[in-house]
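Colleague: Could you take one part of this model and go through it closely? I would like to know which pieces pack against which, and through which residues.

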Amino acid sequence: VWTDIDIQHNTWRLDNVAPLSVHKFAANLLTSRIDVPVCELHKWREIFKVVTTLWPGQDFDPYLLGKVHLPAPGPLQIKSPRNLHVGHPFMMGWNESMAYLRMLIRQKIPFSTTRYGDGELEILHNRAHTTEKKGEWSWSPHSDNAQKFRQLLMQPFEDAQSADQIMMIGIPATFCMEGISSWKMGGGGRTDWIHKYLQLPYDVGIQSIPSNRFLYSWQFGNLNYNSTIDLIQTLFDARWPILVVCNRQRILNTSAPAWVGGVFTIPTNSVQFMMSNFDNTTASLRDLARSFKGTAFLFAAGPISNIAIAIMHRANPHNIYLDIGGSLDYVLSAVRTRDFHPVDGDESHFIRAGGALLHGQNCTETRWVLGDNGFIPLSKAARLNN
């Protein structure tokens, strides 16, 4: 039976596989700001015009996007990622899984992550959905191209079953074992939503995904918020050029953190815009993916993140595509959009925010195995098998 000590040892092991300045912090990396090229996502080719103007006669280099002079990107690994994937048939703990992602980054292994919440759940069930925040986005199964949109939302489930590339799926499992009794003690995630995901039609494919290809919907938030900053640091240290896709409101003029090479923005009504311009938008995203190699795309674009990653992962799996979500908001613009974002410099705030922990509660990190009715703690699954 796996224990907390086993998780700690595996986290340490993953963080010590081919370390590349993993603990060397770049001065002012997250606080220094620079002007970077900013354009709408569907007009991404304008980035090339900016670079040509600034550096005439030079071949396009993503590292020059924000005038950040860094060493050339390190070579990508060509060996099969299957050998580096955790071989145990379980979903890793919330801290352990972040160490795994950092290992892939340092090893120069491309991978993708998508995350699914309540809005994506309704779309997959083919039910109309409107966000609680009025005017943000809505989806109807009767809209033009709605079913094509839904098919793309399902596509990562199929890709996650492949051993040739790494596609990780974030679903609303709880961080803490205590969340089995109450979602408020789970550190993020909802067991009732997990049950609804497993009730999706079989052709959606979620039941066929190996347990070790699952992550958490809150993978980059709540208890993992500070670890997400570490992950960005690791991308920077491992010399991955970084491009951001986010809502236009998250970028103040053209100012962005120093680690950002360029920004592609989406409008508030991005879902409707995409469905109204489906063929052109999807073709543009495929071309965007093929125009870069060895680059990390960080997404904070709602359901458009999953759609874009589904398209770009298949078009060119030699990049990293990460749906980080709202955890990027505060880093980009110092605007609090989530409960776990810092409050008046209080770095410990994320621990108790967003339903992460009740007062005085422990959070028992555990590994999970996908069963017929949801995720079962690995220790309990072992007892059942015996």
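**Helix H3 and its surroundings**

Modeller: This is a predicted model. Helix H1 (residues 4–14) packs against helix H3 (residues 94–106) at an angle of about 15°, and their axes are 8 Å apart. An angle under 35 degrees counts as roughly parallel, and H1 and H3 are therefore roughly parallel to each other. The crossing in which H1 passes H3 is left-handed. From H1, the residues involved are Ile7, Asn10, Thr11 and Leu14; they meet Asn95, Glu96, Ala99, Tyr100, Met103 and Arg106 in H3. Sorted by class, this contact of H1 with H3 has five nonpolar, three polar and two charged residues.

H3 also packs against helix H7 (residues 225–237), here at an angle of about 10° and with the axes 9 Å apart. H3 is therefore roughly parallel to H7 as well. On the H3 side the contact is made by Met98, Leu101, Arg102, Ile105 and Arg106, and on the H7 side by Ser227, Thr228, Leu231, Thr234 and Leu235. The contact of H3 with H7 has five nonpolar, three polar and two charged residues. Arg106 of H3 is listed in the contact with H1 and again in the contact with H7.

Next comes the sheet. H3 lies across strands E6, E7 and E12 (320–323), and runs at about 115° to E7. These strands belong to an open sheet of eight strands, in the order E2-E10-E8-E11-E12-E3-E6-E7, with parallel pairing. At its edges stand E2 (38–40) and E7 (214–216); each has a single partner strand, so one side of each is left without a neighbour in the sheet. On average, and ignoring direction, neighbouring strands of this sheet are turned by 25° against each other.

The torsion about the S-S bond of Cys176 and Cys363 is about -95°, so the disulfide is left-handed. Cys176 sits in the loop between E6 and helix H6 (191–198), while Cys363 sits in the loop between helix H12 (349–352) and strand E13 (368–371); the pair therefore ties together parts that are 187 residues apart in sequence.

For another helix pair, take helix H5 (residues 146–159) and helix H10 (residues 303–315), which pack at an angle of about 60° with their axes 9 Å apart. That angle makes H5 oblique to H10. The crossing of H5 and H10 is left-handed. H5 contributes Phe149, Leu152, Leu153, Gln155, Pro156, Glu158 and Asp159 to the contact, and H10 contributes Ile304, Asn306, Ile307, Ala310, Ile311, His313 and Arg314. Those residues of the contact of H5 with H10 divide into eight nonpolar, three polar and three charged.

To return to H3: this helix packs with H1 and with H7, and lies across E6, E7 and E12.

Definitions and conventions. Residues numbered from 1 in each chain as written. Predicted model: local features only at pLDDT ≥ 70, side-chain atom pairs only at ≥ 80, totals over all residues. Heavy atoms only, no water. Axes fitted to C-alpha atoms, helices over the stretch in contact; angles between N-to-C directions. Helix = DSSP H or I, 4+ residues; strand = E, 2+ residues; numbered from the N terminus. Parallel < 35°, antiparallel > 145°, perpendicular 65-115°, else oblique. Left-handed = near helix turned anticlockwise from the far one by under 90°. Contact = heavy atoms within 4.5 Å. Nonpolar A, V, L, I, M, F, W, Y, C, P; charged D, E, K, R; others polar. Pairing = 2+ DSSP bridges. Disulfide = S-S within 2.5 Å.
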